[in-house]
Amino acid sequence: ATLKKYLSNQTVSKILSPKNQLLEISLHKVIKNQKFLEEFEVYYQPIVNINSGQIIAAESLLRWQSPELGLVTPTEFIPLAESTGLIVPLDRWVVRSVCQQIKTWHDAGVPYLKVTVNLSVMEFNQPDFLQKIVEFLEINNLEPHYLEIELTESMIMQDVNSAIATMNDLQSLGVSIAIDDFGTGYSSLIYLKNLPVNTLKIDRYFIHNVANDSQKSAITKALIEMAHNLDMQVIAEGVETEAELSFLRQNNCDAMQGFLFSRPLPAAEFENFLWNNKRLPRLPV
Ligand code: C2E
Ligand code: MG
Ligand code: MG
Ligand code: MG
């Protein structure tokens, strides 16, 4: 009844829908029973240097294969995990798994590469967050520069000063930082120059059809130039066509990820890409 006072009927029925209740019960169960390994899996999407064509990094993306619900995508379960606090153990498990995976790849002799991890603001703000990062790096004997944390603008803007402090601590450790989905939040360009950020990821909204949309191309060009002036590397997200790629290449974007090169893959399939030296083909300019 109190919910109904503040929310629209549509929102209330969404929250209380049988599907969401089932989702929440299943999510609680899997986390409480520590059954992460059985139902969750980290996928890896290659990030490719636009000039050399080589894979330089991977973004880790969580997948949930629920026995009750089938494959559930992060857009469905992350908001629920956040509103119930379950995101904290979940994100921790992802960071730990990613550190283990990087170590396994290094031991197997695959070319060294960086992996990025998406974090929820709740995990980022935990008092023992940095301690956990250090712990996961140390138990895997992993150099910190192989790990990159992705944060969104809105996460940072919730409490800028405290976010900057944590970001500085991460960088002092040697862990790098990317701003994810750039351009979709409140772009505080004034803050951007003060933020300790290594990488700017342009949201796929701007990249979709960028070559044929004069507004998107103007914005994308400006973002690339601005990031370079601030000494940041630029990654374009969601690249799906050769026209988009050519545009990015012509405008000095550093790296790309997207279905054009590869969808997110299970670790073993991603590793095959590395062994086979899969590259971005040269395109006619
Ligand atoms: P994101 O960090 O912006 O990740 C990029 C999303 O774009 C991924 O969706 C990816 O599969 C999708 N994508 C990549 N290339 C293309 C493309 O060419 N076209 C299109 N249409 N989509 C593309 P996904 O895997 O469903 O993840 C959605 C969001 O969930 C992520 O957005 C991220 O914010 C969040 N997320 C994923 N894994 C985690 C995690 O471990 N922890 C937390 N807290 N959030 C996560
Ligand atoms: Mg991301
Ligand atoms: Mg993104
Ligand atoms: Mg996102």
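Which residue bridges the magnesium ion (ligand 2) and the magnesium ion (ligand 3)? Asp180 is the bridging residue, and the two ions lie 3.8 Å apart.

## Basis of the model

This is a predicted model, in which local features need pLDDT of at least 70 and side-chain atom pairs count only at pLDDT 80 or more, whereas totals for chains, interfaces and linings use all residues. Residues are numbered from 1 along each chain as its sequence is written, chains are lettered from A and ligands numbered from 1 in the order in which they are written, and side-chain values use heavy atoms, with hydrogens and water left out.

## Magnesium sites

The magnesium ion (ligand 2) is coordinated by Glu59 (OE), Asn118 (OD1), Glu150 (OE) and Asp180 (OD), at 2.0 to 2.3 Å. Donors are N, O and S atoms within 2.8 Å of the metal (3.2 Å for Na, K and Ca); water is not among the atoms, so sites may look incomplete. Along the chain, the donors of ligand 2 follow the spacing E-x58-N-x31-E-x29-D. Glu59 lies in strand β2 and Asp180 in strand β6, so this pair ties together parts that are 121 residues apart in sequence. Helices (H or I, at least four residues) and strands (E, at least two) are DSSP runs, numbered from the N terminus.

For the magnesium ion (ligand 3), the coordinating atoms come from Asp180 (OD), Asp181 (OD), Glu237 (OE) and Glu237 (OE), at 2.0 to 2.6 Å. The donor residues of ligand 3 are spaced D-D-x55-E in sequence. Asp181 lies in strand β6 and Glu237 in the loop between β8 (233-236) and α14 (242-250), so the pair ties together parts that are 56 residues apart in sequence.

Of the 24 residues around ligand 1 (a heavy atom within 4 Å), Arg63, Asn118, Asp180, Glu240 and Phe259 come nearest. The shell around ligand 1 draws at least two residues from each of β2 (55-66), α5 (74-84), α6 (87-108) and β6 (176-182); β2 gives the most, with four residues.

Polar contacts are pairs of N or O atoms within 3.5 Å. A polar side-chain atom of Glu240 lies 2.5 Å from a nitrogen atom of ligand 1, and one of Gln45 lies 3.0 Å from a nitrogen atom of ligand 1. A polar side-chain atom of Arg63 lies 2.8 Å from an oxygen atom of ligand 1. Taken alone, ligand 1 exposes 810 Å², and the protein buries 83% of that (Shrake-Rupley method, 1.4 Å probe).

Notes:
A polar contact is a pair of N or O atoms within 3.5 Å; within protein, one must be able to donate a hydrogen and the other to accept it, and residues adjacent in sequence count only if both atoms are side-chain atoms.
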